Amino acid sequence: MTRGPIALDCPVPRREPALVQLAHGGGGRLMRELIVRELLPAFAAGRPPMPHDSAVLSLPPGRLAFTTDGYVVHPRIFPGGDIGRLAVCGTVNDLAMAGAEPRHLSVGLVIEEGLAMDELRCVIRSLRAAADECGVTVVTGDTKVVDRGKGDGLFVHTAGVGVVAAGVDVHPRRVLAGDAVLLSGDVGRHGIAVLSVRDGLAFETPVASDCASVAPLVAALLAAGIDVHCLRDPTRGGLASALNEIALDVGVAVEIDEVAVPVDPGVAAACELLGLDPLYVACEGRLVAFLPAAEADRALAVLRTHPLGAAAARIGTVAAAPAGQVTLRTRFGARRLLDLLSGEQLPRIC
Amino acid sequence: VKYLDEYRDPAAAVRYLAAIRTRLTRPWRLMEICGGQTHAIVRFGIDALLPPEITLLHGPGCPVCVTPVELIDQACAIAASPGVTFCSFGDMLRVPGSSRDLFAVKAAGGDVRVVYSPLDALALAERHPAREVVFFAVGFETTAPANAMAVHEARRRGVGNFSLLVSHVLVPPAVEALLAAPDREVDAFLAAGHVCTVMGTDEYRPIAARHRVPIVVTGFEPLDLLQGIHMCVVQLEEGRAEVENQYARSVRDAGNARALAMIREVFQVVPRAWRGIGEIAASGLALRPAWAAYDAAARFAVHGTGGRDHPECRSGLVLQGKLKPADCPAFGGLCTPDHPLGATMVSSEGACAAYHRYRRHAAP
């Protein structure tokens with residue numbers, strides 16, 4: 001049997017099953033092997049720790065940010081990322097949106113019986129690489145194996161804690177009429193990247209997911225002393241949904257300028273073909289910042305010094321009324337509602 | 001996709017708007033046929049930029065909206081049958097039948113899938129020979145060639161587990177029906193560019209002559225629409241009633257010969273009920289007898305449930321341009337995209353959905 005590229009730096013000899021079996025979650029020898037050989041070394045920075053039921057953490061005094069998220073993306077591997085990288089970056093980004101410095105993650109795996117062990121290894125390696133890139137450590141985890149047909153291959157669940165520095169207060173309640181709305185880059189890459197490999201859709205121009213940690217952007221804004229009022233990462237439902245959440249939760253109006261929102265030509269073309277609006281397509285490596293208009297130019301300059309924020313733009317302004325609504329000024333100068341969608345965007349017939 | 005920006009150039013839009021304004025001497029009511037045009041008009045805010053003399057009426061050209069409730073019920077029943085994989089364009093899944101939609105069937109365990117082409121559904125049938133794969137063949141003339149091609153290919157490749165649930169509708173009979181109504185509301189039409197790409201423009205000439213109405217075949221980008229409106233206004237002001245082609249980069253007078261041949265081989269013209277409007281003679285397509293083996297309605301023997309539209313739904317008037325969505329008593333209250341009473345509130349090409357999405361409040 002030839003060994004694929006994934007197995008090259010895998011230290012485990014090939015005598016154990018190539019597919020995950022129910023016994024891998026059964027609490028016996030196979031489960032112990034899976035945890036000790038595959039999971040612990042990958043998570044614990046090369047220091048095989050003594051397994052224990054809980055991680056005990058030492059953290060600096062102050063406030064903790066704590067968040068959790070489940071990852072069920074299909075397909076699990078897509079241009080620009082995979083479910084492992086997504087599970088790390090997504091939770092790290094949620095911590096960063098609270099102005100926290102991300103520190104530690106938990107990882108829960110729900111594995112469907114029959115998943116290729118190689119794919120599991122690949123995801124774990126990617127997860128570990130992303131954690132290293134983000135400067136976080138995985139300190140605790142859980143593995144469950146479910147019967148074939150009772151799961152979609154692999155679900156990953158991560159929770160994370162981060163430390164909020166003294167004096168940092170990033171929260172929706174601080175959003176004020178007059179605030180500038182900044183966006184760290186172009187929108188829609190993640191959603192289109194995933195769609196492009198789903199059910200045989202293929203585009204001439206491959207679009208890669210923007211899946212990445214935006215924590216460095218947040219750290220840079222805070223280090224520059226910018227009074228960031230609120231941050232959001234426009235994931236599911238895209239930019240439009242993130243703005244609507246703020247408008248509805250805070251009771252303000254948000255006005256956006258259509259031409260100011262960067263969209264990659266490949267993403268724009270795919271959206272035209274599929275009948276989707278890029279403003280509703282998911283990002284996984286972007287942030288929206290609400291901050292005092294007087295600090296907008298300086299904040300943009302800070303964002304643009306980082307590669308992830310090179311295309312940062314000021315896209316709009318917060319207003320007092322009409323409360324709860326997001327309006328878009330079209331390129332023709334007309335104004336229209338940018339509404340919250342009922343559900344997922346559905347491709348049009350013609 | 002290239003050349004998108006060229007058709008969305010604000011400076012050119014300003015020039016068209018000025019040209020329209022200089023030609024106007026009185027109010028005119030124009031109807032865009034196609035829901036895709038309605039969507040673009042409201043999305044880009046074009047109607048808000050037009051001079052107040054011009055009223056845009058939104059036409060019946062949303063295939064999702066005019067598919068009768070009985071057929072949605074039929075689709076749900078087939079989709080819920082054991083062994084069936086039911087494939088549809090995404091729009092159709094949330095359209096309410098009399099008691100449920102296709103999303104509800106999916107949630108209850110039905111194998112309902114969104115595809116982007118009937119040929120994808122055919123490929124599914126080839127990959128899963130033990131399943132019955134049914135494609136919901138909805139649409140105007142635009143989608144008919146690909147649907148015809150799918151059954152054609154199914155026969156050629158010997159794929160027996162594939163069938164179509166057909167609800168095709170045709171534009172010209174609907175235009176005629178609107179014009180023949182005693183309380184005619186429309187002074188000129190923007191005909192649907194994509195439909196004419198397939199069918200050509202010839203079948204509109206007798207209609208324009210008989211009813212003394214300008215018909216301008218128009219594209220879907222903002223500048224297409226503005227140019228189409230300008231051409232309509234010029235004709236109306238000059239007292240002409242002709243068929244003109246704004247969308248010449250895509251539309252030939254004789255249409256697409258190969259697509260037409262494919263449609264004619266597989267489909268025949270039949271009377272068709274339009275949701276909210278009623279039956280219109282010779283306004284739909286059905287599989288010819290020679291292709292009846294691919295007719296899902298016959299294969300599954302699921303009959304109409306006698307389903308009816310919600311009594312508060314006025315989508316029929318909206319589809320005929322007789323009622324603006326926001327003037328419907330149910331709009332935004334009883335009827336929302338989350339709880340739609342009719343299909344016009346569901347489909348992204350439906351006028352009610354477009355107004356709800358872009359125009360729920362009167363933007364200052």
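In this predicted model, A:Arg286 and A:Asp210 form a salt bridge in which the closest N and O atoms lie 3.9 Å apart. A:Arg286 sits in the loop between H7 and strand S10 (288–291) of chain A, while A:Asp210 belongs to the loop between helix H4 (189–196) and helix H5 (215–223) of chain A, so the pair ties together parts that are 76 residues apart in sequence. Over all chains, the structure holds 37 salt bridges.

**Where chain A meets chain B**

- The contact between the two chains involves 29 residues of chain A and 41 residues of chain B, and together the chains bury about 3200 Å², of which 60% is on carbon and sulfur atoms.
- Between chain A and chain B the count of salt bridges is two, and a salt bridge links the side chains of B:Arg8 and A:Glu272 with an N to O distance of 2.7 Å.
- Four residue pairs are found in polar contact across this interface, with both residues of each pair at pLDDT 80 or more.
- On the side of chain A that touches chain B, the elements giving two or more residues are helix H7 (265–274) and strand S13 (335–337) of chain A, and H7(A) gives the most, with four residues.
- By residue class, that side of chain A divides into 15 nonpolar, five polar and nine charged residues.

**The open sheet of chain B**

- Six strands of chain B make up an open sheet with mixed pairing, in the order S4-S3-S5-S6-S11-S10.
- Strand S4 (111–114) and strand S10 (267–274) of chain B stand at the edges with a single partner strand each, so one side of each is left without a neighbour in the sheet.
- From one strand to the next, the twist averages 25 degrees.
- Strand S6 (residues 162–169) and strand S11 (residues 278–287) of chain B run antiparallel and are joined by two bridges; B:His168 has B:Leu285, in S11(B), as its bridge partner.

**Helices packed on the sheet**

- Helix H8 (residues 144–157) of chain B packs on the sheet and touches strand S5 (132–139), S6, S10 and S11 of chain B, and its direction makes about 160 degrees with that of S6(B).
- Helix H9 (residues 171–180) of chain B also packs on the sheet, where it touches S6, S10 and S11 of chain B, and the direction of H9 makes about 175 degrees with that of S11(B).

Key. Residues are numbered from 1 along each chain as its sequence is written. Chains are lettered from A and ligands numbered from 1 in the order in which they are written. This is a predicted model: local features need pLDDT of at least 70, side-chain atom pairs count only at pLDDT 80 or more; totals for chains, interfaces and linings use all residues. Side-chain values use heavy atoms; hydrogens and water are left out. Two strands pair if DSSP finds at least two bridges between them. Axes are lines fitted to C-alpha atoms, for helices over the stretch in contact, and angles run from 0 to 180 degrees between N-to-C directions. Contact means heavy atoms within 4.5 Å. Buried area is the accessible area (1.4 Å probe) that two parts lose on being put together, summed over both. A salt bridge is a side-chain nitrogen of Lys or Arg within 4 Å of a carboxyl oxygen of Asp or Glu. A polar contact is a pair of N or O atoms within 3.5 Å; within protein, one must be able to donate a hydrogen and the other to accept it, and residues adjacent in sequence count only if both atoms are side-chain atoms. Ala, Val, Leu, Ile, Met, Phe, Trp, Tyr, Cys and Pro count as nonpolar, Asp, Glu, Lys and Arg as charged, and the others, Gly among them, as polar.
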